[in-house]
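Subject: Structure for your files

Hello,

Here is the structure I said I would pass on. My notes follow below it.

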Amino acid sequence: MIMPEIYKETTVEAAKSPHQCCECQATIQPGDSYIRISGLWEGTWCNFKMCVPCRVLHTEIRSEYDYYAEEYPGPGGLREFCKNAEGGNELWEKTHGGVS
Ligand SMILES: [Zn+2]
C-alpha cells in the first residue's frame, strides 16, 4: 500500500446512522461499534469506516504474516488480499463467519 503521511484511527462506540464497511461492504448498523479511519495519502484526505470483524482481521493478518508495508493491503484491499494470501480465506471466514 501507499503509506499515508498522516493516519488516524478512532473507535466509535455506537454508530448514529448506518455506514458501509470499506472492506467487506457490510452495513454497520446504528448502535454498532466501528472504526473510523482518516488519513492523508499523497496530499489527499480520505475517510473510511470499517466494521469490527475487519479490524480484527487486520490485526490477525499483522500477526499471522510478516508483510512489509508495501505489500500490506490498503483501505478497501483486504478482501482481495485474503483471496490471494495463503490461508487468507480461512482468516476471513474465522472473522466474518463464512465467505460471501
Ligand atoms: Zn467489514
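Helix α1 covers residues 52–64, and its 13 residues should span 18 Å at 1.5 Å a residue (the expected span is 1.5 Å times one less than the number of residues). The C-alpha atoms at its ends are 18 Å apart, which agrees. This is a predicted model: local features need pLDDT of at least 70, side-chain atom pairs count only at pLDDT 80 or more, and totals for chains, interfaces and linings use all residues. Residues are numbered from 1 along each chain as its sequence is written. Helices (H or I, at least four residues) and strands (E, at least two) are DSSP runs, numbered from the N terminus.

Cys54, Arg55, Leu57 and Ile61 are the buried residues of α1 (buried: 20 or more other C-beta atoms within 10 Å of the residue's own; exposed: 12 or fewer; partly exposed in between; C-beta atoms placed from the backbone). They cover an arc of only 160° around the axis, which puts them on the same side of α1 (the arc is that of the directions from the helix axis to the C-beta atoms). Thr59 and Ser63 are exposed, on the face of α1 turned away from its buried side. The cover over the buried residues includes β4 (34–41), β5 (44–51), α2 (78–84) and α3 (88–96).

β4 also runs antiparallel to β1 (residues 6–12), joined by seven bridges (strands pair if DSSP finds at least two bridges between them). Thr11 stands opposite Ile35 in β4. The pairing of β4 with β5 is antiparallel too, over eight bridges, and Arg36 has Lys49 in β5 as its bridge partner. Two residues lie between the strands in the hairpin of β4 and β5, where Glu42 takes a positive phi near 45°.

Regards

Conventions: Contact = placed C-beta atoms within 7 Å.
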